[in-house]
Structure formats: structure tokens, C-alpha cells
Amino acid sequence: MTSREDEILQLIKGDPFIQQQAIADLLNISRSAVAVHIMNMTKKGIIQGKGYFIANQQYVVVIGGMNMDILGQPDNAFIERDSNPGKVKGSAGGVGRNIAENLARLGTDVRLISVVGDDAYGDLILNQTKMAGVNINAVNQISNQTTSTYLSLLDNQGDMVAAVSDMSILKHLNVGLLSQYVELIRNASAVIVDTNLSDTTLAYIFSKFSDKNIYLDAVSSAKASKAKPYLSRVHTLKPNLIEAQAISGLPLESELDIDNIADWFIQHGVQRLFLTMGAVGVLYRTQNNEQLVRPLPVKVVNANGAGDAFLAGIVHGQLAGLSDIEACHFASGCAAIALEHTNTINPNINELLVQQRIEDVPC
């Protein structure tokens, strides 16, 4: 590869959808010269496809929601139907976006496909997400739409009391929009989706990209049942107990019921199940393996982002070559670090910090 080709390659790594004229302007050469270099790089197999995908470059695509998270927490024990003195803060959120940011902070190359409104919240979320290291070139800012907003209330111990979400804009994260990014998704090493997506959009993803390793986050008990038609096509599923019960429809009254629910998912085709159970730990289950991974000691500050950090840790660990159980321990470290910060995402999380946190945990 020539020095000029290397310069162009670095620009493409930063933005796989960069226009040839933009490359020419940055390198102070003609657009036709850029076209020749790109043609030569394509012939050499360095890049491939119309989106300038770099051959053998490993990256993850996340398809899901982006929210403005408004969080309230009282200073003392929560009193219902009353005004509680405390703190209120806002930050970028959304299950898909949160998973993407955690992946980026762990060092994974991640591309987010989502939508936001053309409002102040949308501008803020885009800026925060980009600054965290997430590639947002496939995030669409929709005119005359309100950015998805998630309002949550914690108790003084950090556990969620209630939440309200306005996610009507996600109707624009539809098949028509995803069809613009087919090549981006096809070349991904893993695809992560959440059940904030519509039934039609989920059906398109699981049909169009059935050959991809698809990781599914159940999001909430209200939305988890959307996953049911696609369980046999799910590479990895991460529900909590309430979400798992909502999907399976089985009773949840004893430890035996937990085993029955986990068995149900495997019988319905899920390849890897990571059933998160809070302070109890994570039940890992496949067709041939089963293990309960205990959680790390942690002082909970905000429980909202633990699940997002956990799934990011699973994907990051598996792409790094860890076994499923090793990835589960790594993900538990991610969740512990997330729990210890007031923000939904702990801005201090990184691969080294997680490794240090779990170094004494047997795998």
C-alpha cells in the first residue's frame, strides 16, 4: 500500500461513508486522483463495497433507541404522592445507544443506527454519543420530531421506582431507513438489536440478516414479548427474570421455575442465554452448558445502566476471543462498574478497569 493510500485509508476508517470530494479537500488533491486510489485499493482488497468497508475490519452494528434520560432521586426515603427533595439530572440514554457507548468505551469499533429529533435534546445526544467514540454516521435526525425521552425515578438506594418513556419517534427507525444501511449491517462482526424496535423492523432484521450473529436485548417486560417470534434466530439473548417470564409466559414463583424458564428458551432455539438476576447473579445456559455466575461486590448508586453495560461486555468479550463464561465474568465486571456511578453509563469504564475489577474472580 502506498503512503497516499494509507492516508486515504485512515480517513475512511474515521468515516466509512466519507465522500471522495471530502477526501480530496482534506488531502489537497483532485477528486479524480482519489477515485483512482480507491479503485486501486478495492482491487487490492484493502476496502470493499460502496460504503468503503475496510476488509477484515471488525466492528459491531447496534440498531436501537436513543433517548434523553431524565433521572430523579430523592435524598431520603421516597414518599409516594408527595414532593421529594433530591436531585434531577439529564444525560444521553436509550438501550441501543447505551450499549453502543459502553462498547466504544471498552475499545470496540461500533456503528449506531438510530433516530433523533431536530431539537435541542437530539443535538445534545448526538454530540455526547460522538464524543464517547461511537460512530453516528447512520443516526438520522428527523425533522419536526421530538427526540425520544425517558423519565425515571429512583429511590434513595438507587433502585428504580417508576419510569415513563416517550419513544414515538422510533416509528421512523423502520425498514425503509434500514434498507439504506444493508451493506453496513452485512459486513458487521455482530449485530445488536433491542425490542424498542417495531415488530415490522425486527422481522426485517431477523429475515434479511439471518446469517449474522444477532444479540437481542429484551429492554423491558412490556416490550420483551416482541422477541418471541425470533428466538430460534437469536445468537445471544439477555433478559432479566421479569422479561424472561414475560416472553415465556411461564410461572415465576420458585428456583425451579427459573430453571424451567431457562430451559424453555433453549428449547425454542436461543443459542446462548444470559439470564440476569440482580444480586443472585447471571444464569448462563446453552444446549450443553449451564453455570451461575455470581455478581461482584458493589455499592449500588444507579441501577439503570447495568444491563446495557452487561450486554456490551458480553459482545466485547466474545469478539475478543473469550469463552462464554469468561465473557460473562467480564460483563459482570462491566455491570458492577456501571452500578457505581450516578450516570447511566460510567464514563470511567474501559477494558483495563474491568480486567482489574475481575482479576480475582475465578472463571
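"Buried" here means under 20% relative accessible area, with exposed over 50% and partly exposed in between (1.4 Å probe, protein chains only). By that rule Y230 is buried, at 9%, and F206 is buried too, at 0%. This is a predicted model, where local features need pLDDT of at least 70 and side-chain atom pairs count only at pLDDT 80 or more, while totals for chains, interfaces and linings use all residues. Residues are numbered from 1 along each chain as its sequence is written, and side-chain values use heavy atoms, leaving out hydrogens and water.

**Aromatic rings**

- There are five aromatic pairs, counting rings of Phe, Tyr and Trp (its six-membered ring) with centres within 6.5 Å; planes under 30 degrees apart are stacked, over 60 edge-to-face and the rest tilted.
- F206 and Y230 are a stacked pair, 4.9 Å centre to centre with 5 degrees between the planes.
- F206 sits in helix α8 (residues 199-208) and Y230 in the loop between α9 and β12 (236-238), so their pair ties together parts 24 residues apart in sequence.
- F274, Y284 and F310 make up one aromatic cluster.

**A charge over a ring**

- The charged end of R111 sits over the ring of Y59, 4.2 Å from its centre; the rule asks for NZ of Lys or CZ of Arg within 6 Å of the ring centre and within 35 degrees of the ring normal.

Conventions:
Helix = DSSP H or I, 4+ residues; strand = E, 2+ residues; numbered from the N terminus.
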